[in-house]
Amino acid sequence: DWSSDVCSSDLRTEAISDDDVRAMIDACADAGKIRDVAILRVLWSTGMRRASVASIRRDGLVRRTGSVV
C-alpha cells in the first residue's frame, strides 16, 4: 500500500523548522530582497506548493483583503 510507504518514510523529519524559516526570511529582509521575503512568507503561511506560488500573477492579488485569486 503506497500510503503506508509515504507515512512511514523519513520525509516528515526533513521539514524545515520554524526557526530556520524565520532565519531565511530575516536574511532576505536584511539583504533587501523584498520579493524573496514575500515568496517565503506565502509558502510558510499558506502551505502552497512552489508551482502554485510561482503561478501567482499581480492581477490575481487582492491587496484590500490580502488574498490571491
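1. Which residues lie nearest the centre of the largest pocket, and how many residues line it? The lining has 15 residues, and those nearest the centre are Ala38, Val42, Ile56, Arg58 and Leu61. A pocket here is an open set of points on a 1 Å grid over the protein atoms alone, with protein on both sides within 12 Å along at least five of seven lines, where a 1.4 Å probe fits, and lining residues have an atom within 4 Å of a point.

2. On provenance, this is a predicted model, in which local features need pLDDT of at least 70 and side-chain atom pairs count only at pLDDT 80 or more, while totals for chains, interfaces and linings use all residues. Residues are numbered from 1 along each chain as its sequence is written, and side-chain values use heavy atoms, with hydrogens and water left out.

3. The chain has four helices and two strands, arranged from the N terminus as α-α-α-α-β-β; helices (H or I, at least four residues) and strands (E, at least two) are DSSP runs, numbered from the N terminus. Of the 69 residues in the chain, 10% are buried, where buried means under 20% relative accessible area, exposed over 50%, and partly exposed in between, with a 1.4 Å probe and protein chains only.

4. The largest pocket has a volume of about 500 Å³, a volume being the space filled by probe spheres set on the points, with grid points joined across faces, edges and corners. Two or more lining residues come from each of H3, helix H4 (50–54), strand E1 (61–62) and strand E2 (67–68), and H3 provides the largest share, four residues. By class, the lining holds nine nonpolar, two polar and four charged residues, counting Ala, Val, Leu, Ile, Met, Phe, Trp, Tyr, Cys and Pro as nonpolar, Asp, Glu, Lys and Arg as charged, and the others, Gly among them, as polar.

5. The second largest pocket, with a volume of about 220 Å³, is lined by Ile16, Val21, Met24, Leu40, Leu43 and Trp44. The lining divides into six nonpolar, no polar and no charged residues.

6. Helix H2 (residues 18–30) has 13 residues, which at 1.5 Å a residue should span 18 Å, and its end C-alpha atoms are 18 Å apart, in agreement; the expected span is 1.5 Å times one less than the number of residues. The buried residues of H2 are Val21, Ile25 and Cys28. They lie on the same side of H2 because they cover an arc of only 65° around the axis, taken from the directions from the helix axis to the C-beta atoms. An α-helix has 3.6 residues a turn, so residues three or four places apart point the same way. The face of H2 turned away from the buried side carries the exposed residues Asp19 and Asp30.

7. Helix H3 (34–46) is part of what covers the buried residues of H2, with contact meaning heavy atoms within 4.5 Å. Ala38 is in helix H3 and counts as partly exposed because its relative accessibility is 39%. Ala38 and Cys28 are 10 residues apart in sequence and 9.6 Å apart in space, C-alpha to C-alpha.
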